[in-house]
Amino acid sequence: MKNLKRAIEKILQSRTICVACHENPDGDAIGSLVALGKGLTKLGKQVFLLSPDGVPSHLAFIADWARIDSQPPSDTLDLLILVDAESPQRLGTTSPPQSRNLLIIDHHPSYPSSILKIVDEKASSTAEIIYEILKKLSIHPDPLIIEALLVGIISDTGGLRFPNTTPKALKIVAQLMKMGGNLSDIYRKLYEERNEGYIKVLGEVLLRAKLLYGGKVIVSHIKASDRERYKIEEKDLEGIVDYLRIIKGWEVIILLREIKEGVKVSLRSRSLDVGKFAKLFDGGGHKEAAGCNLPLPLEEAERKLLEKLRKWMVC
């Protein structure tokens, strides 16, 4: 991987390190955060963990070993490491901590810049990259690191079934299982232990699903009132968009979620490059999965997205 040697040197030279992930974290973000953070403590580093929106309830089982803050430390640090985020802007409204150096570790398409980055767009997940970095640092994964890495890989591959499930990803999963990782237990915790509020909101999403353009496009939404009614936080709704994949014949999925600032949009695709599509709205992501935020009311945001989408695909 490009810049790996420089990144390793920077890590080894640093004493105080903050590892941070993006807002609205998913399993890969929290898994990468925990795995790298725990690994760096094995090197004797003073480590701070930052997740702007905290930890989703279904991921708490890997995050209880240390304090994960939603606000940055006040002191200037030697190194800030962003995981699963292409820039400090992905921290949302949270200001990045002051640091002498910055390192980005990610598997999303990268923008040219002078920032030190380890980016592998072919990786199934950022957790896969963290696995390789820990190997280079000669850090032997303990049970928590193993579990966190598996959470990251399994989450971003949809339980090892999405197109980004590569032979390399499966090989790493197998190695982690040989080290003691319990794949079925992690799958159960990720996908089979959701609370009642999640199931109720999922029901609303499925009932509201609209099939447009001959079933090629699926659109649904989550209202702010749904979260209030079913007593669930926004951070606990990550991944709900993927349940719309069960509908036959789709090419693009759009899920809109009302938030305080407007609408958060999750995009999924089998054909269109939704990563490029999301950039039209200052978002980003992969070809098959991406997202963006629109400072608009729900209905207006949906209308604007569909207007742009019609120009991007033949329906």
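Q: Which residues does Ile81 touch, not counting residues up to four places away in sequence?
A: This is a predicted model, in which local features need pLDDT of at least 70 and side-chain atom pairs count only at pLDDT 80 or more, while totals for chains, interfaces and linings use all residues. Residues are numbered from 1 along each chain as its sequence is written, and side-chain values use heavy atoms, with hydrogens and water left out. Contact means heavy atoms within 4.5 Å. Leaving out residues up to four places away in sequence, Ile81 touches Ile11, Ile17, Cys18, Val19, Ala20, Leu36, Leu40, Leu103 and Ile105.

Q: How many residues does the largest nonpolar core have?
A: A nonpolar core is a set of buried Ala, Val, Leu, Ile, Met, Phe, Trp, Tyr and Cys residues joined through side-chain atoms within 4.5 Å. Buried means under 20% relative accessible area, exposed over 50%, and partly exposed in between (1.4 Å probe, protein chains only). In the largest core, the residues with the most contacts inside it are Leu36, Ile81, Val83, Leu103, Ile105 and Leu149. The number of residues in this core is 50.

Q: Which element gives the largest share of this core?
A: Helices (H or I, at least four residues) and strands (E, at least two) are DSSP runs, numbered from the N terminus. The largest share, 9 residues, comes from helix α4.

Q: How many residues are in the second, separate core?
A: Leu256, Leu272, Cys292 and Leu306 are among its members. The size of this core is 23 residues.

Q: How far apart are the end C-alpha atoms of α4?
A: The expected span of a helix is 1.5 Å times one less than its number of residues. The 14 residues of α4 should therefore span 20 Å. The distance between the end C-alpha atoms agrees with this, at 20 Å.

Q: How many of the 14 residues of α4 are buried?
A: Helix α4 is largely enclosed by the rest of the structure, because most of its residues fall in the buried class. The buried count is 13 of the 14.

Q: What is the volume of the second largest pocket?
A: On a 1 Å grid over the protein atoms alone, a cavity is a set of points where a 1.4 Å probe fits but cannot get out, and a pocket is an open set with protein on both sides within 12 Å along at least five of seven lines; lining residues have an atom within 4 Å of a point. Grid points are joined across faces, edges and corners, and a volume is the space filled by probe spheres set on the points. For the second largest pocket, this volume is about 180 Å³.

Q: Which strand gives the largest share of the lining of the second largest pocket?
A: The lining includes Lys2, Arg6, Tyr111, Leu116 and Val119. The largest share, 3 residues, comes from strand β6.

Q: Is Asn24 buried or exposed?
A: Asn24 is found in the loop between β1 (16-21) and α2 (27-41). Its phi is near 45 degrees, a positive value in a residue other than glycine. With a relative accessible area of 9%, Asn24 is buried.

Q: Is Lys231 buried or exposed?
A: Lys231 lies in the loop between α8 (224-230) and β9 (252-259), and its phi is near 55 degrees. At 74% relative accessibility, Lys231 counts as exposed.

Q: How far apart in space are Val217 and Leu12, C-alpha to C-alpha?
A: Val217 is in strand β8 and, at 0% relative accessibility, counts as buried. Val217 and Leu12 are 205 residues apart in sequence. Their C-alpha to C-alpha distance in space is 48 Å.
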